[in-house]
Each structure stands twice: as structure tokens, then as C-alpha cells.
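I opened this entry to look up the fold summary and the charged side-chain pairs. My notes follow in the order I took them.

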Amino acid sequence: QSAQSCAATATARPQVQVSSRMSMRFVALALLATTAHGASAPALRLRGGTTTKSSAVVAESGLTPASRCLSTRGGGVPSGVMSKVDVPLLSYFAFWYLGNYYYNIANKQCLKAAGGAAGFPMTIGVLQLGVGVLYALYMWAAPDSRSVPSVTKDDLVKMLPVGFCAMGAHCFSVFALSAGAVSFGQIVKAAEPAFAAVVSTAVYGKSISTAKWLALIPVIGGVVLASVKELDFAWSALIAACTANLFAAFKANENKKLMETPGLKDRIGSVGNQFALTTILSFLFGLPLLLAREGHKWSEFVSLFRSNSVISTNLFTSGLYFYLYNELSTLTIKKTSATTQSVANTAKRVIVIVGVALALGESLEPIKMLGCGIGIGGVLLYSLVK
């Protein structure tokens, strides 16, 4: 048994090293992406109020500093093309997709090494939120990085429902991915619009058009079809993914109500601060549930965490991936239209489902892929129809 353990550790070590290197590269590039919009700031001014010469030249030419640099190196890139390309937005899309992809892989590896659904899914889910809390606190503490929000006690109380729902959506998603294949869990999670429609109508009194209701038929049908030939099907995975969708639907409605609070946006300060506050509240809500469900196994988890680098490395990287890709997705949504968001979300789900299934060696039965295509097509249709 000891020999098998040593062999498993030796086999996993290269994967851990690759995962660690990849995570550092992703984090560095994602940080550049989240700050890239600063490049479009007004020209730098001296204390006297005059614009510096280099900034003035750039401003007059109509080029960003990056495109000016590229256009002067051999003249390979037409200045007119580069001036029309929104580099920060493309960066947001790229790292949003990459972050989601690598999160699902690192999360699954961590869950599998910790025993799957019978192991520590709640502990891992909550600690992933804890990694996000550490990152958020670092961003507030680092000089010239991100201003601290000036929210009041009443603001935080109003944010509690959003934080609780965010915790539920994340932790049940983690449990769903621990109980079955990642691709299957993602297909079920793609049915979130169906839950959103029911919750919005039944709880929040909103009206949904007939066209949208009809668009939910292929969404639900696609999920059912994908479940028929799912080799790793488990009722626990299906129920957990549906519960995650339910929490996500409540979170979306509560967040919309929250942002209608007068002056709240100004007190929060930025989209990054909003997600940071939500993550902190989610983590605090998750701690009591962690203790209630898996607290009696805490010492066992600590022992595994210390002895198994697959768990420790992937727990940290998955938490970081989760935080960064969600923040980048928020920045992307802020800069795009509703139609672009719908297409981007659809493309992301296809890339993640197929890419992760290939990376983890999960089943890609034709009928499962057909159900996936029908379901995701229905999601796109639901997003586009009025």
C-alpha cells in the first residue's frame, strides 16, 4: 500500500508541477487583463496641467501605446486595424474561457484525489472561496491596486442574500462535479435559464414571454437526451447541479434588486469590489455548513492536504481560477451587448464541456453530444428571443 502511494505521488508530481506553472502564467496574464483598461486612460499630465510630449503624440495619432509600438516595428501591423481592436476586451474573453477551463480540470483533480463525493466536496468548495477572499484582501492591501469600498453596515446587510445564494450555487456545483462527470454537470448547469424563468415568475412576479417559454423546451430536452447515455450518470450529480441552478437563479434576481439601492454602486466603487464583497460573504456563510457537514473529518482532510500535493496544489489553483474567471466574466459582460454576452456564454459552454471531457478522458457519446448541442442551442435561443 505504501509502495502504491509512493508510485501515485511520483506519477502525480509532474502534473502538479505543470498545473502550478500554468496557474502562475494564467494569474499573471489575468492580472494584466484586469488592469489593461488603464491603457485607455487620458494622457498623462504633469503638475502644471500640461500633457507630456509622448502622450500627446499618441493621442494625436489615434493609436494606443501597444498598437503604436507594433506599427513602428517593421510596419507589419496596419495602424487602422490595431486602433479598432479592443485589446482589453479580447483579453477578458480569452482569460474568462481559459480560467473556466482550467478551473474545471483543477477542481476535478482535487475532488478525485480527496475521495470524490464521499470525500470532502463541501470543504473544498468553501476553501476555494477562502482562496478568493485572500486574493481580494491582497488587492485591497497592495498599493495602487484597488480602492477599498466605502459600504455601510446597511449595505452589507442587503448583500447577505446575494452572498448566501452565491455560496449555495458554488458549493452545490462543486458537489455535482464530484459526483459525476464534469461534462455532464456542465450540461445540466447549462439549463440554468429554465430555473431562472420559473423563479423570476413564481417568486419575483416577473413576466416571461411565450417565445422564451418555448425556447426552454430544447434546453430541458437536451439535458434529458444527454443523460440517457451518460456513462457516469448519478442522481446525486443531477440533483446537486439542479440545486446549484436554483441558487444561481435566486442570486441573479437578488443581485438585480441589490444594485437598485440608491448610491450603492458609488460606495462599492467597482465591479471587482462587488465580486470581492460577495465572495467574502459567501465564504462566511459556507464555514458553518462546512463544520456541520464535514467538520468531524477536518483532521483527516488536513492530513491529506499536507501529504498529497495533488490536493493542496489543485485546491489553491482552482480557487484562484474560480475567482479570476468570474471577475473577468463580469468585466466582459460590462463591456458587451446582451447579444454578444449570449453568444459568448454559449461558446464558452461548448469549449469547456468538450475541452474538459477530452482532457479528463470522459465519455463523449454521440447522443450525449447531440443532447449537449440541443440544450446549449436552446440556451442561446432563450437569450436572444424577446
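I started with secondary structure and found 17 helices and zero strands in the protein chain. Helices (H or I, at least four residues) and strands (E, at least two) are DSSP runs, numbered from the N terminus.

I noted the basis of the entry: this is a predicted model, in which local features need pLDDT of at least 70 and side-chain atom pairs count only at pLDDT 80 or more, while totals for chains, interfaces and linings use all residues. Residues are numbered from 1 along each chain as its sequence is written, and side-chain values use heavy atoms, with hydrogens and water left out.

Next I looked up burial. Of the 386 residues in the protein chain, 46% are buried; buried means under 20% relative accessible area, exposed over 50%, and partly exposed in between (1.4 Å probe, protein chains only). The chain exposes about 19,200 Å², and carbon and sulfur atoms supply 65% of that area. Accessible areas come from the Shrake-Rupley method with a 1.4 Å probe; for residues, only the protein chains shown count as cover.

Residues 24 or more positions apart account for 85% of them.

Then I turned to salt bridges, each a side-chain nitrogen of Lys or Arg within 4 Å of a carboxyl oxygen of Asp or Glu. How many are there by this rule? I have three on the list.

Entry one is Arg146 with Glu327, at 2.5 Å from N to O. Arg146 lies in the loop between helix H6 (121-141) and helix H7 (153-179), and Glu327 is in helix H15 (residues 309-334), so this pair ties together parts 181 residues apart in sequence. I have both Arg146 and Glu327 down as buried.

Entry two is Arg267 with Asp155, at 2.6 Å from N to O. Arg267 belongs to helix H12 (residues 264-268) and Asp155 to helix H7, so the pair ties together parts that are 112 residues apart in sequence. Arg267 counts as partly exposed because its relative accessibility is 24%.

I put Lys257 down as partly exposed, at 47% relative accessibility. Glu254, at 16%, counts as buried.

Methods: Contact = heavy atoms within 4.5 Å.
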